[in-house]
Amino acid sequence: MYIYSKLKLEKVQIIENKRYIFALKTKFRNRMKKIFILALVAVAAGFTACKETKKTDDIIVKKVEKKEPAAPVRMQEYNQTAEADLAGSHLTCVIHRQADDSLAMVKDETGQQFYDNRISLNITRGDGTTFFSRTFTKADFNSCLDDDYRATGILEGLVFDRVDGSTLRFAASVSHPGTDEYIPIVISIDRFAAVSISLDTRLDTSSEEEEE
């Protein structure tokens, strides 16, 4: 009886071992199938890529038609009024910018045309009399410009800056229209209304001094 039970137990154990081995083989076969499928996919993808790469050699690039430039661009009118005290007199500075059709237009590298501007500066005393009056164009700043800006730049702006001792300081700029490129210029007017124009070489000095 004991021998029979032992044999039966061993038989059961053998069956379990066979089942375990079968499960391992099945798992291995499934894994190999997945690897084989992935390998086939990789080969197919590589073949497709090579085939597509070969096709790119035969692609005909369509000619891109150059767009015609839009109508000439005109900057908006601009006005600024500022108050200042100079040599005991209270002054009012009025600045007006407008595009001027009589000035030569400029072109950018795409052929787009831009109108140039004319800027007037009128300074009056407290009693209403005129202290200074003048209209500026780009030509007034030729001494500060190179040939490129003379040909392709426009007079973009003029604003009141500050009183520096006995002189009024104004900041002007000649720019390449539609870009951030410009030449900074200083207009100085003393207490006798004499004006001088120079290149601004200390553009960021005032902001640095304020930070200090």
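Trainee: Which residue of S6 is the bridge partner of Asn 122?
Mentor: In this predicted model, Asn 122 has Ser 133 as its bridge partner in S6.

Trainee: What is the partner of Leu 121 in S6?
Mentor: Leu 121 is bridged to Arg 134.

Trainee: In which sense do S5 and S6 pair, and over how many bridges?
Mentor: Strand S5, residues 117–125, and strand S6, residues 130–136, are antiparallel, with 6 bridges between them.

Trainee: And what about the turn of that hairpin, how many residues lie between the strands?
Mentor: There are 4 residues between S5 and S6. Gly 128, in the turn, has a positive phi of about 95°.

Trainee: How many bridges join S2 to S5?
Mentor: Strand S2, residues 89–99, is joined to S5 by 9 bridges, and the two run antiparallel. Within this pairing, Thr 92 has Thr 124 of S5 as its bridge partner.

Trainee: Back to Arg 134. Which residue does its side chain meet in a salt bridge?
Mentor: The side chain of Arg 134 meets that of Asp 140, at 3.2 Å from N to O. Arg 134 is partly exposed at 27% relative accessibility, and Asp 140 is also partly exposed, at 26%.

Trainee: How many salt bridges does the structure hold?
Mentor: The structure holds 7. One of them joins Lys 138 and Asp 116, whose closest N and O atoms are 4.0 Å apart. Lys 138 belongs to the loop between S6 and H2 and Asp 116 to the loop between S4 and S5, so this pair ties together parts that are 22 residues apart in sequence.

Trainee: Are Lys 138 and Asp 116 buried or exposed?
Mentor: Both Lys 138 and Asp 116 are buried.

Trainee: Which residues form the salt-bridge network?
Mentor: Asp 161, Arg 162 and Arg 169 are linked in that network.

Trainee: Last topic: which residues gather in the patch of negative charge on the surface?
Mentor: The patch consists of Glu 109, Asp 146, Asp 148, Asp 180 and Glu 181. Among them, Asp 148 lies in helix H2, residues 147–152, and is partly exposed, with 38% relative accessibility.

Methods:
Residues numbered from 1 in each chain as written. Predicted model: local features only at pLDDT ≥ 70, side-chain atom pairs only at ≥ 80, totals over all residues. Heavy atoms only, no water. Patch = residues over 30% accessible without salt bridge, like charges linked within 9 Å, V, L, I, M, F, W, Y side chains within 5 Å. Areas by Shrake-Rupley, 256 points an atom, 1.4 Å probe, with all protein chains shown as cover. Lys, Arg positive; Asp, Glu negative; His and termini not counted. Charge placed at Lys NZ, Arg CZ, Asp CG, Glu CD. Buried < 20%, exposed > 50% of the residue type's maximum accessible area, 1.4 Å probe, protein only. Pairing = 2+ DSSP bridges.
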